[in-house]
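Please give a short briefing on the fold of this protein chain.

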Amino acid sequence: MSQITTHVLDTTRGKPGAELPITLYQQTADGWQQLASGVTNEDGRIAGLLAADRILDAGIYRMHFDTKAYFERMAEKGFYPYVDIVFELGAGGDHYHIPLLLTAYGYSTYRGS
């Protein structure tokens with residue numbers, strides 16, 4: 001399993017947020033460096049966002065969710081064109097699950113398991 005995983009749930013529809021583009025970045029001294037990207041599957045997840053054996057350095061990371069593309073595909077007007085979730089990884093290679101609960105006019109997140 002990837003060290004960082006995500007799951008998008010469209011709470012308005014009560015279904016996974018399928019086909020939603022996501023990009024993972026790491027903060028560096030020069031700004032944000034892109035590490036990986038993908039599109040959620042029918043279960044709202046991206047299998048293998050990072051290679052299973054890749055351990056990230058401790059630091060600050062950001063997941064960028066392209067919610068505008070998702071809502072346009074759903075023929076719905078969303079208020080937030082994107083959602084950025086910024087979080088901090090500790091040393092040691094622990095698993096981090098970054099879920100997004102999404103509606104057209106709101107969102108929430110938490111550290112999952």
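## Briefing on the chain

UniProt lists residues 1–112 under "domain: Transthyretin/hydroxyisourate hydrolase", in an unreviewed entry. UniProt positions follow the numbering used here, feature names are shortened, and annotations may be inferred rather than shown by experiment. This is a predicted model, in which local features need pLDDT of at least 70, side-chain atom pairs count only at pLDDT 80 or more, and totals for chains, interfaces and linings use all residues. Residues are numbered from 1 along each chain as its sequence is written, and side-chain values use heavy atoms, with hydrogens and water left out.

**Overall make-up**

- The protein chain has one helix and eight strands; helices (H or I, at least four residues) and strands (E, at least two) are DSSP runs, numbered from the N terminus.
- Read from the N terminus, the order of elements is β-β-β-β-β-α-β-β-β.
- The C-alpha trace spans about 40 × 30 × 20 Å along its principal axes.
- Of the 113 residues, 42% count as buried; buried means under 20% relative accessible area, exposed over 50%, and partly exposed in between (1.4 Å probe, protein chains only).
- Among contacts between residues at least 6 apart in sequence, 59% join residues at least 24 apart; contact means heavy atoms within 4.5 Å.

**The sheet S2-S1-S7-S8**

- Four strands form an open sheet in the order S2-S1-S7-S8, with mixed pairing; two strands pair if DSSP finds at least two bridges between them.
- Strand S2 (15–16) and strand S8 (106–109) are at the edges with a single partner strand each, so one side of each has no neighbour in the sheet.
- Two bridges link strand S1 (residues 4–10) to S2 in the antiparallel sense.
- Asp-10 is placed opposite Lys-15 in S2.

**The sheet S4-S3-S5-S6**

- Another open sheet of four strands has the order S4-S3-S5-S6, with antiparallel pairing.
- S4 and S6 are its edge strands, each with a single partner strand, so one side of each is left without a neighbour in the sheet.
- From one strand to the next, the twist averages 25°; axes are lines fitted to C-alpha atoms, for helices over the stretch in contact, and angles run from 0 to 180 degrees between N-to-C directions.
- S3 and S5 run antiparallel and are joined by five bridges, and Thr-23 stands opposite His-64 in S5.
- S5 also pairs with S6, in the antiparallel sense and over seven bridges.
- Met-63 stands opposite Ile-85 in S6, and Gly-59 stands opposite Leu-89 in S6.
- Five of the seven residues of S5 are buried, which leaves this strand mostly covered.

**The nonpolar core and Ile-4**

- In soluble globular proteins, nonpolar side chains tend to be buried together.
- The largest nonpolar core has 25 residues, of which Ile-4, Leu-24, Met-63, Phe-65 and Phe-87 touch the most other members. Such a core is a set of buried Ala, Val, Leu, Ile, Met, Phe, Trp, Tyr and Cys residues joined through side-chain atoms within 4.5 Å.
- Ile-4 lies in strand S1 and counts as buried, because its relative accessibility is 0%.
- Beyond its neighbours within four places in sequence, Ile-4 has contacts that include Leu-24, Leu-49, Met-63, Phe-87 and Ile-98.
- Ile-4 and Ala-52 are 48 residues apart along the chain, and their C-alpha atoms are separated by 9.4 Å.

**Two loop residues with positive phi**

- Most residues other than glycine have a negative phi.
- Glu-19, in the loop between S2 and S3, has a positive phi near 60°.
- Glu-19 is partly exposed, because its relative accessible area is 39%.
- Ala-75, in the loop between H1 and S6, has a positive phi near 55°.
- Ala-75 counts as exposed, because its relative accessibility is 75%.
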